[in-house]
Amino acid sequence: MPEFQEKAPLLDREVIADDIFRLTLHAPKIAAAARPGQFVMLRVGAGMDPLLRRPFSIHQIDASGNMKILFKVIGRGTAALAGVSPGSSIDCIGPLGNGFSLEKKGRLCLVGGGMGIAPLYFLASRLLQNGKRVDRDFVLLGARNHQELHIVADEFYELGYRVQTATDDGSLGHHGFVTELLDPILPAMERVCTCGPLAMMKICADKAGAADVACQVSLETHMACGLGACLGCAVRNADGGYLHVCRQGPVFDAGEVKWTG
Ligand SMILES: Cc1cc2nc3c(=O)[nH]c(=O)nc-3n(C[C@H](O)[C@H](O)[C@H](O)COP(=O)(O)OP(=O)(O)OC[C@H]3O[C@@H](n4cnc5c(N)ncnc54)[C@H](O)[C@@H]3O)c2cc1C
Ligand code: FES
């Protein structure tokens with residue numbers, strides 16, 4: 001797989017919610033090579049602070065070589081990234097990891113929770129570009145509230161998917177967990193692709209398994225290098241061994257992963 005390092009000019013910075021931002025970076029080599037589900041390692045601060053790069057899913061790509069990432073501020077690195085102004089450049093390495101299946105046949109349900117919605121938009125748009133019929137496919141999105149979700153939910157809707165939302169406070173769509181939306185839909189689906197909190201993906205994997213529906217999950221672990229060098233991203237696999245999320249993932253068949261809890 002080709003990987004590139006680009007100093008990408010920041011073209012736009014959108015504030016989606018109080019602590020959620022979307023950046024548009026001009027990274028033509030990464031954008032041209034990227035597949036849905038892959039990620040980039042971004043140097044989030046100037047100089048050596050913070051020292052390590054941080055991983056972010058590729059959220060959107062356009063034909064002009066622009067790449068969007070959607071992220072929530074949770075610590076020092078993401079706070080630094082949120083403070084970068086248009087006109088600056090961000091050092092990016094990518095595209096990294098594998099990707100979701102781009103199978104065009106069969107009905108598909110995408111399930112995204114929190115920032116897990118980021119890679120699913122790239123998947124949804126690429127499937128449409130590839131000629132998949134999507135008007136019978138579902139996108140189920142969960143977040144804390146309306147503010148976090150409505151902009152991206154509208155973008156999925158514009159692609160032609162059947163979009164349903166769930167929020168913790170009931171301010172948009174179903175008041176409750178996004179996984180509760182899956183039950184009536186699942187029997188008609190052939191595949192589920194999910195990204196979000198581990199507990200949410202485990203529920204998706206369990207429900208899909210019980211319904212005999214294929215399920216791909218995108219895991220988010222701590223990553224120090226993102227390049228297969230530190231082994232800091234290892235998770236247990238179903239056979240008692242280890243999966244290295246940065247190189248073998250982040251996308252896995254649900255059955256490959258050892259789910260706990
Ligand atoms: C493949 C991949 C794709 C990702 N895509 C996105 C994305 O599209 N949007 C987005 O907002 N985030 C994404 N993340 C998570 C993002 O990388 C982390 O939020 C970020 O690295 C945190 O950096 P920080 O310096 O702000 O926080 P830190 O200061 O490093 O950590 C702050 C706190 O958060 C915890 N933490 C940090 N990273 C994680 C993690 N991955 N899982 C659980 N807890 C963690 C730390 O233990 C600590 O308690 C992705 C992660 C991976 C592995
Ligand atoms: S993050 Fe270093 S090996 Fe995966």
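User: What should I know before I start?

Analyst: This is a predicted model, where local features need pLDDT of at least 70, side-chain atom pairs count only at pLDDT 80 or more, and totals for chains, interfaces and linings use all residues. Residues are numbered from 1 along each chain as its sequence is written, chains are lettered from A and ligands numbered from 1 in the order in which they are written, and side-chain values use heavy atoms, with hydrogens and water left out.

User: Which residues come nearest to ligand 1?

Analyst: A residue is near a molecule if one of its heavy atoms lies within 4 Å of it. Here, 19 residues are around ligand 1, and Arg54, Pro55, Leu70, Gly77 and Thr78 come nearest. By class, nine are nonpolar, six polar and four charged. Nonpolar means Ala, Val, Leu, Ile, Met, Phe, Trp, Tyr, Cys and Pro; charged means Asp, Glu, Lys and Arg; the others, Gly among them, are polar.

User: Which strands and helices supply the shell around ligand 1?

Analyst: Helices (H or I, at least four residues) and strands (E, at least two) are DSSP runs, numbered from the N terminus. Strand S4 (54–57), strand S6 (66–72) and helix H2 (76–82) each supply at least two shell residues. S4 gives the largest share, four residues.

User: How do I read a polar contact with ligand 1?

Analyst: Look for a pair of N or O atoms within 3.5 Å. A polar side-chain atom of Arg54 is 2.7 Å from an oxygen atom of ligand 1. At Leu70, a backbone N or O atom lies 2.8 Å from a nitrogen atom of the ligand. A polar backbone atom of Gly75 is 3.0 Å from a ligand oxygen atom.

User: How much of ligand 1 does the protein cover?

Analyst: Accessible area comes from the Shrake-Rupley method with a 1.4 Å probe. Ligand 1 has 900 Å² on its own, and the protein covers 72% of that.

User: How many aromatic pairs does the structure hold?

Analyst: Rings of Phe, Tyr and Trp (its six-membered ring) pair if their centres lie within 6.5 Å; planes under 30 degrees apart count as stacked, over 60 as edge-to-face and the rest as tilted. The structure holds three pairs. One of them, Phe21 with Phe71, is stacked, at 5.9 Å centre to centre and 25 degrees between the planes. Phe21 is in strand S2 (residues 20–26) and Phe71 in strand S6, 50 residues apart.

User: Where are the cis peptide bonds?

Analyst: One joins Gly94 and Pro95, with omega about -5 degrees. Pro95 is in strand S7 (residues 89–96). Another joins Gly249 and Pro250, with omega about 10 degrees.

Methods. Polar contact = N/O pair within 3.5 Å; in protein donor to acceptor, adjacent residues only side chain to side chain.
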